[in-house]
Amino acid sequence: MSSDSTGASTGTSDSTGASTGTRDSTGASAGATDSAGFWESHYAGMDAQWGTKPNVVLADVVTALAPAPGGAGRALDLGCGHGGDALWLASLGWDVTAVDVSATALGRVAAGADAAGLADRVHPSRHDLARSFPDGTFELVTASYFHTPVEIPREQVLRRAARAVAPGGLLVLVEHASLAPWSWRDGHEDVRFPTPDDVLASLRLGDGWRTERCHAPRRLATGPGGETATVTDNVIAVRRGEPA
């Protein structure tokens with residue numbers, strides 16, 4: 001998970017083996033063909049402290065739309081990477097299933113949860129999301145920078161994420177809508193990013209959902225080498241309706 005800056009985790013591996021942060025957003029391959037192998041190598045060579053802060057964009061949306069649960073609110077963090085989002089959600093009282101394809105990343109999530117006294121509320125779960133998905137439904141499902149240089153059925157995974165949202169629950173997607181100077185390019189400089197409306201339409205939600213956020217705000221991001229740049233994110237938050 002390569003945090004992009006500002007505490008915003010741009011690389012919460014998407015758990016299909018996809019890092020949520022540093023792909024060229026076209027889906028272009030960076031030469032990897034195996035999610036588990038690619039992301040295991042990625043995290044093995046990464047500072048264990050990188051990406052341990054919550055994504056600031058996600059935190060803003062969740063704070064506004066999904067205040068801390070009073071009891072047993074369940075959250076699902078797809079592509080949790082080093083667990084910045086998962087640990088933050090658990091600190092608010094959420095019971096979090098933290099999903100990634102990398103065993104190394106999940107081991108660090110477990111260690112971080114233990115150190116923070118959150119081990120009872122953070123449940124690391126290894127999935128290649130192209131092949132398997134956690135059981136059950138959740139009041140909050142999040143995916144931050146769910147991009148990857150590895151070929152995956154990304155739209156299908158996100159539709160499955162929507163189906164995992166419980167009635168009254170919230171799906172929050174935070175995605176790249178521009179290339180940062182430190183992003184993987186794989187020879188692609190002229191990249192067309194989908195609009196927030198494109199992303200929303202790709203979910204094929206149907207009736208019974210309310211759009212809470214669908215926009216592309218800009219912010220100052222900090223890369224892994226400390227460099228800064230203004231970037232654009234797609235932010236989509238949708239709520240499943242309660243049964244009649």
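**Entry 1**

I began with Arg 210, which is partly exposed at a relative accessible area of 48%. I took buried as under 20% relative accessible area, exposed as over 50% and partly exposed as in between, with a 1.4 Å probe and protein chains only. The model is predicted, so local features need pLDDT of at least 70 and side-chain atom pairs count only at pLDDT 80 or more, while totals for chains, interfaces and linings use all residues. Residues are numbered from 1 along each chain as its sequence is written, and side-chain values use heavy atoms, with hydrogens and water left out.

I then looked up the salt bridges, defined as a side-chain nitrogen of Lys or Arg within 4 Å of a carboxyl oxygen of Asp or Glu. Arg 210 forms one with Glu 212, and the closest N and O atoms are 2.8 Å apart. Glu 212 counts as partly exposed at 21% relative accessibility. Glu 212 also meets the side chain of Arg 239 in a salt bridge, at 3.0 Å from N to O. This pair links distant parts of the chain, 27 residues apart: Glu 212 lies in strand β6 (residues 209-215) and Arg 239 in strand β8. Arg 239 counts as buried, at 16% relative accessibility. Through shared partners, Arg 210, Glu 212 and Arg 239 are joined into one network.

**Entry 2: Other charged groups**

I searched the whole structure and found six salt bridges. One of them joins the side chains of Arg 159 and Glu 155, at 3.0 Å from N to O. Both residues lie in helix α5 (residues 154-163), four residues apart, which is about one turn of the helix. Arg 159 counts as buried at 15% relative accessibility, whereas Glu 155 counts as partly exposed at 42%.

I also noted Arg 74, which lies over the face of Phe 138 at 4.2 Å from the ring centre. The criterion was NZ of Lys or CZ of Arg within 6 Å of the ring centre and within 35 degrees of the ring normal.

**Entry 3: Nonpolar cores**

I next examined the nonpolar cores, each a set of buried Ala, Val, Leu, Ile, Met, Phe, Trp, Tyr and Cys residues joined through side-chain atoms within 4.5 Å. The largest has 29 residues, and those with the most contacts inside it are Leu 89, Val 122, Leu 140 and Val 172. The elements giving two or more residues to this core are α2 (56-65), α3 (84-91), β2 (95-100), α4 (103-115), β5 (165-176) and β8 (228-240). Its largest share, six residues, comes from α2.

I listed the contacts (heavy atoms within 4.5 Å) of Val 122. Leaving aside neighbours within four places in sequence, its partners are Ala 86, Leu 87, Ala 90, Val 96, Ala 98, Val 109 and Ala 113. A second, separate core of 25 residues includes Leu 78, Ile 152, Leu 173 and Trp 209.

**Entry 4: The chain as a whole**

I recorded six helices and eight strands in the protein chain. Helices (H or I, at least four residues) and strands (E, at least two) are DSSP runs, numbered from the N terminus. Along the sequence, their pattern is α-α-β-α-β-α-β-β-α-β-α-β-β-β.

Of the 244 residues, 57% count as buried. Among contacts between residues at least 6 apart in sequence, 74% join residues at least 24 apart.
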